[in-house]
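Notebook open, model loaded. I'm jotting down what I looked up, one chain at a time and then the contact.

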Amino acid sequence: MSGLEVHLVGLSHRSAPIAVRERVAFTGEALRAALERLKLEDGVAEAMVLSTCNRVEVYVVAESAEPARRFFVDRAAEAAAHLYAHVGREAARHFFRVAASLDSMVLGEPQILGQVKEAYGVASAVQAAGPALSRLCNRAFATAKRVRSETRIAHGAGSVSQVAVELVEKIFGQLQGRSILLVGAGKMGALSAKALAALGADQVLVTNRSPERAEELARRVGGSARPWSSLAELLVQADVVLVSTSAPGYVIDVAQVVQAMKARRQRSLCFIDLAVPRNVEPRCADLPNVFAYDMDDLEKMVRATHDARADEALRAEAIVEAELMAFHRERETRAALPVLARLRRQAEEIASAEVGRTLETLAGRIDERSRRSIEAMARAIVNKLLHGPTARLKEAVASGDRSLPGAAAALFGIETEELGPAVEGGERAPAPGEAIRSEPVPAVVEDRVAALSQGGKG
Amino acid sequence: MSVLVLRVATALYAIAAGFYLAQFARPVFRRAQVAGAALVGAGFAIHAAAIGLACREFHGAEFFTMRGGFVLLAWLMAGGLLLVEGWRRIPAVGAFATPLILLVLLPALFGAPGRIGGVPTVVQIGLLRLVHIPSAFLGLAFFALASGVALMYLLQEREVKGKHFGPFFTRLPALAALDRLNQRLVRLGFVIFTLAVVTGAAVAKVAWGSFWLWDPHQVVVLLVWILYGTLVQLHHTGWHGRRYALLTMVGFVLMIGSFVFFGALPGLTRHGRDFQ
């Protein structure tokens, strides 16, 4: 190894107050420009910046963390006191945990993975991310996906509007053919109405004491405004009623709801009262087929979700550890890649050339299935022949034996000067034109050749 | 012989129940539901073979005993569950239906098959054998499944409405979906059960000489029939929810309870006995 390691320097909601975070955070063009600058710094091979409202983290593949640290201190001197830094395995662990949303303010929240993917996308676009960061990111994405599907960490509703959606879903299932009524202009109401409309409601009705506000609100949530005086009819029409007015007392009382239920022929009706003080008389919940929730209920549910997620976090951490271990094992065996890659490429080139020639002479006389079995056979021969040497070479490298790779190279006629130092070999991004051949080489073989032929150029 | 085959089928149902319950406990195991359905399918086929064998062994007399009736009921319930699974894969239905099937089957595994005293002469009435008994148990099987779904509804409603978001809240499907499934099963069961009631009256006319004799069994059947008929009608007026689910269960419990009760106290009803 040539001393290049993944270094992470950053600050997050755990280490720094928002006043500091907002001074070092950035988006869009500024982020690209900063990455370009960082990449040009001395000793920085690769770089990536993850910037969200809760964290700013700089990942560099470099000999030291200094460029990453400077990156922060140059922008805001006071950031220095809030920085954390990790290197190598610890940096990878931190990154995996971040991507899996184990380090988020709301455990298991779904946005962070998208943000991490975006950070990687930007770094790739400006060619700041190379093979080492690519591998790290891909593993992190896979880890996050596993955590998501194998634990219930993303389960449940993490915010009030999500809770509202979950409740409505448990009552009505999907909302096709149903309507949502938004009463009042509170911010939570509009937010929840939008989230609920995503369940496929036929229409969103909006009403407010002031018709102008109703119109404006209707435009914002994509609904249609109705006069305040028609509230009684609206209660018959709507299935989900979101209430968030600033009225000091009940806007909807039991008598009204009893009336509405009769006219609705007992179709279920759900009230979500987001107002404090409450706008829906609590006794409404006692009526059959009427469901009513207030802010307390919703917040209780949010808390329950957070508690449940905290329990699941333990299982998620175990997955992160397992993936981390696999990631490092892979990294170690990759050190043997240069010789192996040449060996394999040579074998596969011979195989695919021979297959191509055979297929040419057989052209027209065999069907697609036979063609594929011939290709598969060639692949199998290559794999079986190379399996033993590959395993022993990996073992040798893992135990620090450098003579065997050299001997193998000499034995198979691989020119040693092309091997280069055993550092990180590229796996992604094959050079253009590298793998283009005229023979119908099976895609799998072609991919592998392209991938492995990049080995040793790190 | 048939009892042995039946035990194999029961074992398959039991494993299926295990899979369904595992999926219920940890909804991440989606494949467990598929495995459960496949096992119920296999159990259903073997169960059918057991019933066929029993018919050969006892010449159809088996289904005049409570034991044979439960064997048939469980088989039809398994068929109904397969139907529901194919219809619309609503999670957790299997976790409620399979234990119910096992509960119905369990006494049948240990009772003595066949019937002491030979085949009753009324078996000769083709209507009884071919229409009345199958439709009665098929209708009952649908009521049984409907009751399972109704129980799911009640559990879910308690959590949703009571704002007590326990383990059922996340695992059970939406109230509207359960409500719909319950009503469908009740409607289907009612149509088939009606056939059983009509043919039952016809059989009574032939065997007892009158359509209606105020026999306790007849009274219970009529009550249950009226109850489910009312539920089907009420559905059209928008009636649904908690009370609908409760009444669905009441009807089923009444019917099964009467079978058990009359079975335990012979002499109360002439139904299912040698009528001559």
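**Chain B, overall.** I started with contacts in chain B between residues at least 6 apart in sequence: 81% of them join residues at least 24 apart. Contact here means C-beta atoms, placed from the backbone, within 7 Å. Before going further, I noted that this is a predicted model, where local features need pLDDT of at least 70, side-chain atom pairs count only at pLDDT 80 or more, and totals for chains, interfaces and linings use all residues. Residues are numbered from 1 along each chain as its sequence is written, while chains are lettered from A and ligands numbered from 1 in the order in which they are written.

I counted 9 helices and 0 strands in chain B. Helices (H or I, at least four residues) and strands (E, at least two) are DSSP runs, numbered from the N terminus. Of the chain's 276 residues, 44% count as buried, meaning 20 or more other C-beta atoms, placed from the backbone, lie within 10 Å of a residue's own.

**Helix α2 of chain B.** Buried residues in α2(B) include Gly36(B), Leu39(B), Phe44(B) and His47(B). What do they pack against? The buried residues of α2(B) pack against α1 (2-25), α3 (66-87) and α4 (93-110) of chain B.

**The sheet in chain A.** I traced 4 strands in an open, antiparallel sheet, ordered β2-β3-β1-β4. A pair needs at least two DSSP bridges. Strands β2 (44-51) and β4 (84-87) of chain A are the edges, each pairing on one side only. From one strand to the next the twist averages 15 degrees.

Between β1 (residues 5-12) and β3 (residues 55-62) of chain A I found 8 bridges. Leu8(A) has Tyr59(A) in β3(A) as its bridge partner. Helix α3 (residues 66-75) of chain A packs on the sheet, touching β1, β2 and β3, and its direction makes about 150 degrees with that of β3(A). For angles, axes are lines fitted to C-alpha atoms, for helices over the stretch in contact, and values run from 0 to 180 degrees between N-to-C directions.

**Where A meets B.** The contact takes 18 residues from chain A and 18 from chain B. On the chain A side, α7(A) gives the most, with 4 residues.

Notes. Two residues are in contact if their C-beta atoms, placed from the backbone, lie within 7 Å. A residue is buried if 20 or more other C-beta atoms lie within 10 Å of its own, exposed if 12 or fewer, and partly exposed in between; C-beta atoms are placed from the backbone.
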